[in-house]
Amino acid sequence: MVRKQKFPHLLGSKWTAQQKTWGWRHFQVVNRRQEGRWVFAEMVASCDPKVRFWLNAQQLKDDLLWRSGWQPLQAMERDGEDQITLK
């Protein structure tokens with residue numbers, strides 16, 4: 001039986017960090033690595049290809065840390081205001 005791959009569409013995906021990460025917010029996944037049951041994504045800043053780091057791909061599912069796609073800063077600020085008023 002073939003095992004289902006975790007995070008099959010990870011390579012090439014684009015992400016926006018909710019907080020500045022290494023000075024940037026917009027990143028793209030350029031590499032993927034599986035170690036046992038863990039999947040890691042190599043992230044590269046879209047504006048500075050020298051900024052690279054690995055992170056556990058599971059963290060990308062956390063809306064408090066990451067948003068799928070490249071989100072404009074104004075949209076993120078509006079979402080943040082909505083979250084504050086909902087609490």
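**The S1–S2 hairpin**

I started at the turn: S1 and S2 form a hairpin with two residues between them. Trp22 sits in that turn and has a positive phi of about 55°. I keep in mind that this is a predicted model.

S1 covers residues 14-21 and S2 covers residues 24-35. I found that they run antiparallel and are joined by four bridges. Thr21 stands opposite Trp24 in S2. Further along, Trp15 has Phe27 as its bridge partner in S2.

**The other side of S1**

Next I checked S5, residues 66-68. Three bridges join S5 to S1, and the two run antiparallel. Trp15 turns up again here, with Ser68 as its bridge partner in S5.

**The whole sheet**

I then traced the strand order. It is S4-S3-S2-S1-S5, an open sheet of five strands with antiparallel pairing. S4 and S5 stand at the edges with a single partner strand each, so one side of each has no neighbour in the sheet. Neighbouring strands are turned by 35° against each other on average, direction ignored.

**The nonpolar core**

Which residues touch the most other members of the largest nonpolar core? I noted Leu10, Phe27, Met43, Leu60 and Trp66, out of 16 residues. S1, S2, S3 (38-45) and S4 (52-56) are the elements that give two or more residues to this core. S3 gives the most, with four.

Last, I looked up Met43. Leaving aside neighbours within four places in sequence, its contacts include Trp15, Phe27, Val29, Phe53, Leu55, Leu60 and Trp66. Gln28 and Arg52 are also among the contacts of Met43.

Key:
Residues are numbered from 1 along each chain as its sequence is written. This is a predicted model: local features need pLDDT of at least 70, side-chain atom pairs count only at pLDDT 80 or more; totals for chains, interfaces and linings use all residues. Side-chain values use heavy atoms; hydrogens and water are left out. Two strands pair if DSSP finds at least two bridges between them. A nonpolar core is a set of buried Ala, Val, Leu, Ile, Met, Phe, Trp, Tyr and Cys residues joined through side-chain atoms within 4.5 Å. Buried means under 20% relative accessible area, exposed over 50%, partly exposed in between (1.4 Å probe, protein chains only). Contact means heavy atoms within 4.5 Å. Axes are lines fitted to C-alpha atoms, for helices over the stretch in contact, and angles run from 0 to 180 degrees between N-to-C directions.
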